[in-house]
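Let's take a walk through a protein, from its helices to its pockets. Have the sequence and the 3D view ready.

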Amino acid sequence: MSAGHYIHDNFSKLVIRSQVGIALTLLLILTASDFWYPSDYSLKAGVHGVSAILAVVVGTYLTHRAIPLIKGMHVRLESLRHWLLAATLLNLAGAISGNWIYMRYRGQDGPRDWILAHVPTIHNVLMEFKEFVSLFPFPLMLLATATLYYYGLSIQMRRDLTRFVGITILVSWSFLMIGFVVGLVLAKLRFV
């Protein structure tokens with residue numbers, strides 16, 4: 001490998017890591033601003049927003065780790081297990097905090113009442129769908145995590161299981177993104 005090629009690789013890694021760091025910081029600042037929004041529910045919204053953003057970021061990272069699993073390539077499973085455990089815990093935090101703020105959404109004079117009064121189709125289609133889809137990422141990530149921890153590092157020899165884990169991660173991420181985007185639509189329509 002030439003010295004110029006090596007420098008280019010390090011520079012590329014630096015640029016990519018910087019972009020990821022800047023994007024994550026901006027997303028967290030945007031979400032953390034919910035803590036200071038003038039509402040009685042700003043704590044609930046802030047906790048849910050931060051946990052949802054972190055779940056999406058870690059889940060998105062895991063999709064890049066899932067593709068090699070599906071293809072049957074060698075993967076650093078020890079690292080993947082830790083990332084999957086983190087994603088599972090973040091999805092659990094997102095589900096718990098989502099249900100915590102959901103009480104406000106369904107409460108008297110809450111966003112649900114406003115949405116039903118002004119744009120009922122969005123609630124009847126989009127929000128009813130979101131209520132269920134948003135709960136799927138946690139059990140799927142838990143299943144993938146449990147599979148990796150149960151079979152240990154020897155899972156690398158089981159193409160069927162590595163493919164199963166990879167596909168489970170991708171399906172979980174799909175549900176996570178659907179729930180996240182619909183949650184953003186809700187926040188845009190009416191702050192909790």
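Helices (H or I, at least four residues) and strands (E, at least two) are DSSP runs, numbered from the N terminus. What you see is a predicted model, where local features need pLDDT of at least 70 and side-chain atom pairs count only at pLDDT 80 or more, while totals for chains, interfaces and linings use all residues. Residues are numbered from 1 along each chain as its sequence is written, and side-chain values use heavy atoms, with hydrogens and water left out.

**The overall build**

How many helices and strands are there in the protein? There are 7 helices and 0 strands, so reading from the N terminus you get α-α-α-α-α-α-α. The C-alpha trace spans about 65 × 40 × 25 Å along its principal axes. Contact means heavy atoms within 4.5 Å. Among contacts with a separation of 6 or more, 71% come from residues 24 or more positions apart.

**Inside the protein**

Now for the nonpolar cores: each is a set of buried Ala, Val, Leu, Ile, Met, Phe, Trp, Tyr and Cys residues joined through side-chain atoms within 4.5 Å. The largest one has 23 residues, and Leu62, Leu80, Leu84, Val165 and Ile169 touch the most other members. H2, H3, H6 and H7 are the elements that give two or more residues to this core, and H2 gives the most, with 8 residues. Take a look at Leu62: leaving aside neighbours within four places in sequence, Leu62 is in contact with Leu80, Trp83, Leu84, Ala87, Met141 and Ile169. There's also a second, separate core of 5 residues, including Tyr105, Met127, Val182 and Leu186.

Ile115 lies in helix H4 (residues 111-118). Why does Ile115 count as buried? Because its relative accessibility is 0%. Not counting residues up to four places away in sequence, Ile115 touches Tyr105, Pro120, Ile122, His123, Leu186 and Leu189. The C-alpha atoms of Ile115 and Ala95, 20 residues apart along the chain, are separated by 22 Å.

Over in helix H3 sits Arg81. Is Arg81 buried or exposed? Arg81 is buried, with a relative accessible area of 12%. Setting aside residues up to four places away in sequence, Arg81 touches Leu148, Tyr149, Gly152 and Leu153.

**The pockets**

Rolling a probe the size of a water molecule over the atoms shows where empty space is left. On a 1 Å grid over the protein atoms alone, a pocket is an open set of points where a 1.4 Å probe fits, with protein on both sides within 12 Å along at least five of seven lines; lining residues have an atom within 4 Å of a point. Grid points are joined across faces, edges and corners, and a volume is the space filled by probe spheres set on the points. In the lining, Ala, Val, Leu, Ile, Met, Phe, Trp, Tyr, Cys and Pro count as nonpolar, Asp, Glu, Lys and Arg as charged, and the others, Gly among them, as polar.

| Pocket | Volume | Lining by class |
|---|---|---|
| Largest pocket | about 1,000 Å³ | 24 nonpolar, 11 polar, 4 charged residues |
| Second largest pocket | about 350 Å³ | 8 nonpolar, 2 polar, 1 charged residues |

H2 gives the most to the lining of the second largest pocket, with 6 residues.

Note on methods:
Buried means under 20% relative accessible area, exposed over 50%, partly exposed in between (1.4 Å probe, protein chains only).
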